[in-house]
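Hi,

Here is the structure I said I'd send over. Have a look at it first, and my notes follow below.

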Amino acid sequence: MIIKSTVYLTLIYLIFLKVSYGYLGCPDNLVPCRNKTHCIEIKEVCVVYDDCVDDSGDEICLHLSQNITDSILCVTHIEPQVSYERISPLEICDGHQACFLNEDEGPCNKTLCRYDYWLCKKGSCIENVRVCDGHKDCPDGSDEEEGIGCHYSVCGPNKILCPTGQCIDEVKMCDGIQHCLDGFDEKNCTHTTSTIAPILEVDDSCPEFTCSTSSTFNHPICLSNDRICDGYKDCPKGDDEHNCHEKCTSKSNCPINSDITCIQHPAVGQLCRCVKRGYQLTVPLGPSRSEGLLKPIKKKKKPKKKKGYQLTTRTPQNNTLRCRDYDECNDSRRSYCSFKCINIDGSFKCTCPSNFMLGSRSKTCLRRYDSSKPNLLIVFDKTINFYNMLTPADQYASQLLNTINIEENHRFDYIQYDQKQMFVIYYDQIQHAILCKSNHDLETIVLLTNLTVNTFAYNANENILFIIENQSETLRMYTPIVCDVSINIQMHSWSFNNIANSIHSMAIDVLNRELIFASNYQIMISNMSEPNVTKIVHMSDRKIKKMIYDAAFRRFFWTAANNNSNELFPVFTCNGQFKQCHDTSIRLPSASLFAFFNDGLLYISPTRKSLDFIQVYGEYRFFGHSIASTHDQIRSFVFIDYQQIEGSDLCRKYSKNRCKNQLCLQINSTRINCLSTYGSFISTKATTNMLASIDVED
């Protein structure tokens, strides 16, 4: 009753303000817009006029297309004066109240859905991609009705229309085989296998467009004609967007429309393209965005029967090709942003995680760096060098900060760096030991021995080491990891029967409290509450060689087995939800030595004896830089990620009281688990007879 009375009094107060003073100085039902020089109706804000400002003079329409009507204009606060704002679709039903009277969150799953979701007739919301996918996801089945624009009547009974224009049998949906050219029939299926359509290598089966090679990309790439002159760079040298201005001189197959132009391309013939950048030709088979359906608009696939022939004559009756805004953020074949993508009219915007900034020219996410701290470690035969990678004015350079010597016969098969204690931790496969080397006293310390390690991951914030131990087929946790002698390191283990020997890559998501594993054909995730209970999130049809994970971006990269003989390894990527996975078209000379940095990949170039960088996202996609050139062969390197050490360490605060004589593992932001100790190890200084000198207590 108190809540209802408060809302009622608030409404009375708002009406009083509006009648007495208007909104921010405008009379009646009007609000100020056009840089506060005009008073317009509230429904026209950011729809009819897009140069509106708030009470601070800041523009509020930059993130919205003029024709998006799924936003909400609402009062955000009433003191010291009534202030309004148009709430982006991305902020609706996101769990955070932005409107003063809760218009953005109150009706959710009733009459309102979050961005990229679709409202069923009788309430509840489903993802847009599940509308007209052949499966009834709404409780009332309204997502598969012909009245909303589902394609069944176009292809006939018991058939599905692919976004690329093909008709396939309904029984072929989710059968594990890709029938639609864009893989539409195998998306959002209940099975976990997801096929990534690779960038085709040139062979006899590539009759369309071939990208030119470069010194960095000496592997030819084959593109379908629908990716030529589409406004987006797919070739490393950008030649898919060259020769796109010559008008057709002969009779055109393109529709007669002022929004559509015919391009006479010297390599592929006639191309029908939209005049406006960011728009693409499509057959409108369902409601438009203004009618409530936010289903991604796909490009029309061209027939391969005749070179240069762009538009099929088998268009659905009463539907004509027209130019529509293309949703780059839902492109299944490429990612335009490394983190989050926001579609706007004729283009898109990229956003970055916290503590990152968007480069003014490169349009890539750049880390905020401290030039006094090393962020790159390179292992040579006799030394370990520490560098700071600088990015002034979107360019790259490196500055050597420190060098430490390496003892002979030491191997660095797996290596990581503790940013807080400043030491290198590594596994020596010959000595079957995990060792560390401090930057301060330069001594080598033996932490653990008698281990056969497949892979390991180290959490510097909590001094915890996870390893996959091959002989015992276990996942093990060791803590505390301190690079000093006489440290009592305790161990807990979980059985990893049947999968331990196949796991070759592991990462820790400190922020989300997850472990990520990669085996030969699977990527798996487990929660800290049950680290040995894994969930398969991706299955690959090509053997995975090495997987890396960036927790800040929630993005996966991995190299795969090479099907050709050119000794280059393809790089694939997926976002955290595994809904957008694609071949980056980048090929690396080493399958295991690479890292993600500033929207690009660091990798070793063995022929040039250098550490190089290739841009994966942004305006300078495919551009390369040399980070560090040396006279010696690089054995390994580590990108030092200071983002990973952020977060609260609950075990440091509460383990002494709650986990006496046990190990502590934080499982989320509020809870810890107390684990039994299965063994302890005493660290010792490395000597010639190091294997005999370490003490082990079972």
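**What I found**

The side chain of Asn-461 reaches the side chain of Lys-420 in a polar contact of 3.4 Å. Keep in mind that this is a predicted model. Asn-461 sits in the loop that links strand S27 (453-459) and strand S28 (464-469). Is Asn-461 buried or exposed? It counts as buried because its relative accessible area is 4%, and the cut-off for buried is under 20%.

Next, the nonpolar cores. The largest one has 22 residues, and among those with the most contacts inside it are Ile-434, Leu-448, Leu-465 and Tyr-478. Strands S27 and S28 each supply at least two residues of this core, and so do strand S24 (423-428), strand S25 (433-438), strand S26 (444-449) and strand S30 (488-495).

Four strands make up an open, antiparallel sheet, in the order S39-S40-S41-S42. Its edges are strand S39 (594-597) and strand S42 (624-629), each pairing on one side only. On average, neighbouring strands in this sheet are turned by 25° against each other, ignoring direction. S39 pairs with strand S40 (residues 600-605) over four bridges, and Phe-596 stands opposite Leu-601 in S40.

Cheers

Definitions and conventions: Residues numbered from 1 in each chain as written. Predicted model: local features only at pLDDT ≥ 70, side-chain atom pairs only at ≥ 80, totals over all residues. Heavy atoms only, no water. Pairing = 2+ DSSP bridges. Axes fitted to C-alpha atoms, helices over the stretch in contact; angles between N-to-C directions. Buried < 20%, exposed > 50% of the residue type's maximum accessible area, 1.4 Å probe, protein only. Polar contact = N/O pair within 3.5 Å; in protein donor to acceptor, adjacent residues only side chain to side chain. Core = buried A, V, L, I, M, F, W, Y, C linked by side-chain atoms within 4.5 Å.
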